[in-house]
Amino acid sequence: MKRQLLTLGLLVLASLPLRAQQDDVETRAMRDEMQRSMKQLHLEAMDGPYYIAYKIVDSDRKEAAASFGSLTSSGETRSRVLSVSVHVGSYDLDNSNASGAGGGLAALLGSLGAGSNVLPVDDNYDELRRKIWLATDAAYKKAVEDLSAKKASLESKGRSSERVADFSKEPPRQESESLPPIDEKLSDAEQLVRAASAAFRTLPLVESSEAQFEIDNVTEHFLNSEGTAYVRQTPGLYFHTSASMQNTTGEMFNDSYSVYGRSLSDLPAQPKLMEQTQAVVDRLSARRKGKVARHYSGPVLLEGDAAAELFAHNFASHLGAHSSGGGGIESQLSAILGLGGGSGNANGALLNKVGSRVLPDFLTVVDDPQLTQLDGHTLFGNYKFDEEGVPSRETVVVKDGILKTLLTSRTPARGMLQSTGNMRGRGVLPGNVVVDVARSSTQDELRKQLVDLIGARGLEYGYILRRLSGNAALEAIRVYPDGHEDTVRDARIAEITVNSFKDILAASRDRTVYTERAGGLAASDLVTYVVPDLLFEDMTVEHVPNDTPKLPAIPSPLALN
């Protein structure tokens, strides 16, 4: 019966009218080798695969970088990469998440490389099919080994009554999505980074600086043995400026500015880019003159990008569900290496909190990859279907402060047996995360609340944070009861967890739209966050020791100009 269903899926693939199944060389090579593999691939006394998926990613990239007004690198590259996924066993129990059965870092890193292969960029059917054949053979043999190890581990531990299936069943779909490619001359990109990086010459104490501009036109061809296929064309651009500098005592400071987009019209005009680059210079100048941070516990107001970054990295990053049998690649690697306390544990904790309060009752969190505009801003986390071909949809993750569900892929989790369409890159990621506020305040009202809290507690001052890099503050302000402010340097947020977000007292009416590349080991997808300013009742801000390398023996020659 299983083979009959698989044959039906392959017949569907062969007859698809969409562009995904037109007779281009990549699709023909994938389709032909998949049909052969599903019929013939098996080892003696071993089952053949019940599921195979191929994805070929073509990338045409242009990039340029400059420092202090001089070009440091420039070039155009083309690449083509194949990813292969082979499942052996059944939907209920297969080889997926097998690293949870043992093997540690070596096994996990081996699994990362097993299914990714560099392909020739020439449209040579025979060579493409040969590469696909070799990659499928290697992935199948590893799948058989992983399933055997997984079964042995489950037998030794005993099966949990709460165990869920390893892979969800999804109906076959044929999809396509195409955005116009970005057509920009490399010479224009070079001129832009030269002009942007030249702004840093006004600061003689700048140690290093860089301006980068990247354009990447990506085409994905996907095919699986169930009958799902898609072609997706996605352009992307990235502009980034950064600088680091020393003050007169040798302390190092850094700051940056980034912007993302899907077309050249998403990039601010060059005068605006120069203005933002100058803002990096201005912030560095203010920080080097700022007062040294001291240990502080009390109310903290996060404004603008700082609120969005904190929410993205310390709350929204934990909204992906993982089954108790393993977890995603990112969480597995974190758990093995002990990174950030192990995001696998954090996700397990959130899985157990479904139905519990995780935010104040005036906040609701929605992931909606179908949104393209909100509050007059363009959102870049939108997509029609995820990496597994599952359509995207709106998911209300938190409603009135209560965690309702988590985001999933085709790897089920307890109580979440079907995909929400959030498999992106190598893991589960949101698209557009929107924080809705039922009871909001103006920015002036939030600042007044902060000052009132400072006075009520008898504190010397409170904190406003406006920009972060991780948990380090790139722009931190002390606010005193009389309303005056001081710039602070070398401050960072300490001891922030998912539970800390229950301490939010108030949120602003206006929201910041913040976009970043995300995805852990393969950070290629854009996620957009729409987040209000956030007033925390209690947060710890501490001094972070700053590197103090010796100053150059003589001043920069730029100081002589």
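**View 1. The side chains of threonine 515 and threonine 528 are joined by a polar contact of 2.9 Å.** A polar contact here is a pair of N or O atoms within 3.5 Å, of which, within protein, one must be able to donate a hydrogen and the other to accept it, while residues adjacent in sequence count only if both atoms are side-chain atoms. The model is predicted, so that local features need pLDDT of at least 70 and side-chain atom pairs count only at pLDDT 80 or more, whereas totals for chains, interfaces and linings use all residues. Residues are numbered from 1 along each chain as its sequence is written, and side-chain values use heavy atoms, with hydrogens and water left out. Threonine 515 belongs to strand S22 (residues 504-518); helices (H or I, at least four residues) and strands (E, at least two) are DSSP runs, numbered from the N terminus. Threonine 515 counts as buried because its relative accessible area is 16%, where buried means under 20%, exposed over 50% and partly exposed in between (1.4 Å probe, protein chains only). Apart from neighbours within four places in sequence, threonine 515 is in contact with Tyr260, Phe380, Leu526, Val527 and Thr528, contact meaning heavy atoms within 4.5 Å.

**View 2. Arginine 262 lies in the loop between strand S7 (252-261) and H6.** Its relative accessibility is 18%, and arginine 262 is therefore classed as buried. The side chain of arginine 262 comes to 3.3 Å from the backbone oxygen of proline 235. When neighbours within four places in sequence are set aside, the residues in contact with arginine 262 are Ile182, Thr234, Pro235, Gly236, Phe380 and Leu526.

**View 3. Helix H5 (residues 186-198) and helix H6 (residues 270-288) cross at roughly 35°, their axes coming within 9 Å.** The axes are lines fitted to C-alpha atoms, for helices over the stretch in contact, and angles run from 0 to 180 degrees between N-to-C directions. The crossing of H5 and H6 is right-handed, that is, the near helix is turned clockwise from the far one by less than a right angle. H5 contributes Gln191, Leu192, Ala195 and Ala196 to the contact, and H6 contributes Gln270, Leu273, Met274 and Thr277. Of these residues, 5 are nonpolar, 3 are polar and none is charged (Ala, Val, Leu, Ile, Met, Phe, Trp, Tyr, Cys and Pro count as nonpolar, Asp, Glu, Lys and Arg as charged, and the others, Gly among them, as polar).

**View 4. Strand S1 (residues 49-67) pairs with S2 and with S5.** S1 is mostly covered, with 14 of its 19 residues buried. Strand S2 (residues 70-88) runs antiparallel to S1 and is joined to S1 by 18 bridges, while strand S5 (residues 206-224), also antiparallel to S1, is joined to S1 by 14; two strands pair if DSSP finds at least two bridges between them. Alanine 65 has serine 73 as its bridge partner in S2 and stands opposite glutamine 212 in S5. The hairpin of S1 and S2 has 2 residues between the strands, and in this hairpin phenylalanine 68 takes a positive phi near 50°.

**View 5. Leucine 205 occupies the loop between H5 and S5.** With a relative accessibility of 33%, leucine 205 counts as partly exposed. Leaving aside neighbours within four places in sequence, leucine 205 is in contact with Met245, Gln246, Asn247 and Arg288. The C-alpha atoms of leucine 205 and leucine 551 are 9.3 Å apart, although 346 residues separate the two along the chain.
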